[in-house]
Every structure is written in structure tokens, then in C-alpha cells.
Amino acid sequence: MYIKVNNTTREITDNTSVEQLVAQLKVSTNGIAVAINQHVVKNVNWSSTIIKNQDDIIIIKSTQGG
């Protein structure tokens with residue numbers, strides 16, 4: 001199935017959770033937020049949130065600055 005991650009189309013397998021996607025993308029989980037179709041998914045729900053075909057996913061990493 002196909003999804004968008006930060007405006008890039010990707011192919012993933014069925015029944016992929018947010019947690020699995022983040023691991024596949026090799027994104028550090030420290031200080032990131034994930035939204036699916038403009039709805040933030042709490043990190044405690046990543047393992048139980050299954051991605052669906054054509055979902056639009058945004059992964060945002062917090063940064064520090066001064």
C-alpha cells in the first residue's frame with residue numbers, strides 16, 4: 001500500500017503500525033511528533049495505531065535554538 005510521509009510517497013506493507021514505520025525510517029524517537037491526516041498520534045499509541053492506505057503522515061522533530 002502507498003502512503004505519504006512528509007510529502008514523499010512510500011510503499012509499506014499492510015498492518016504497519018506507526019511504531020514500525022518510525023523504526024523502518026530509522027528516525028530517532030527522541031523529540032518527534034507524528035500526525036496522520038492532520039491528527040497527532042500520541043507516542044503511547046504508536047504501537048497500536050495501524051497506518052491505512054493513502055494516509056498522509058507528517059513526522060516533526062523538535063529542535064532547540066536560541
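Trainee: Happy to begin. Which residues have the most contacts inside the largest nonpolar core?

Mentor: Keep in mind that this is a predicted model. Its largest nonpolar core has 15 residues. Two or more of these residues come from each of β1 (2-5), α1, β3 and β5 (56-61). Within the core, the residues with the most contacts are I3, V18, L21, V34, W46, I51 and I57.

Trainee: Let me pick one of those. Leaving aside neighbours within four places in sequence, what is V18 in contact with?

Mentor: V18 belongs to the group with the most contacts inside the core, and contact here means heavy atoms within 4.5 Å. With neighbours up to four places away left aside, the partners of V18 are V34, I36, W46, T49 and I51.

Trainee: Now the overall fold. In what order do the strands of the sheet lie?

Mentor: The chain has one helix and five strands, and along the sequence they follow the pattern β-β-α-β-β-β. The five strands form an open sheet with mixed pairing. Across that sheet the order is β2-β1-β5-β3-β4.

Trainee: Which strands stand at the edges, and why is one side of each left without a neighbour?

Mentor: The twist from one strand to the next averages 35 degrees. Each edge strand has a single partner strand, so one of its sides has no neighbour in the sheet. The strands in that position are β2 (8-11) and β4 (39-41).

Trainee: Let me look at the pairs. How many bridges join β1 to β5?

Mentor: β1 and β5 run parallel. K4 takes part in this pairing, with D56 in β5 as its bridge partner. The number of bridges joining β1 to β5 is two.

Trainee: And on the β2 side, what is the phi of N6 in the turn?

Mentor: β1 and β2 pair in the antiparallel sense over four bridges, and I3 has R10 in β2 as its bridge partner. The two strands form a hairpin with two residues between them. N6 sits in that turn, and its phi is positive, at about 50 degrees.

Trainee: Which residue in β5 is the bridge partner of I32?

Mentor: Here we are looking at β3 and β5, which pair in the antiparallel sense. Five bridges make up that pairing. For I32, the bridge partner in β5 is K61.

Trainee: Let me try a loop residue. How far apart in space are T29 and N45?

Mentor: T29 lies in the loop between α1 (18-24) and β3 (32-36). Not counting residues up to four places away in sequence, T29 touches V22 and W46. T29 and N45 are 16 residues apart in sequence. From C-alpha to C-alpha, their separation in space is 13 Å.

Trainee: Last one: what radius of gyration does the chain have, and what would a compact globule have?

Mentor: The C-alpha atoms fill a box of roughly 40 × 25 × 20 Å along the principal axes, and buried residues make up 29% of the 66 residues. A compact globule with 66 residues would have a radius of gyration near 11 Å. The chain agrees with that, at 12 Å.

How values were computed:
Residues are numbered from 1 along each chain as its sequence is written. This is a predicted model: local features need pLDDT of at least 70, side-chain atom pairs count only at pLDDT 80 or more; totals for chains, interfaces and linings use all residues. Side-chain values use heavy atoms; hydrogens and water are left out. A nonpolar core is a set of buried Ala, Val, Leu, Ile, Met, Phe, Trp, Tyr and Cys residues joined through side-chain atoms within 4.5 Å. Buried means under 20% relative accessible area, exposed over 50%, partly exposed in between (1.4 Å probe, protein chains only). Two strands pair if DSSP finds at least two bridges between them. Axes are lines fitted to C-alpha atoms, for helices over the stretch in contact, and angles run from 0 to 180 degrees between N-to-C directions. The radius of gyration is taken over C-alpha atoms; the globule rule is 2.2 Å times the number of residues to the power 0.38.
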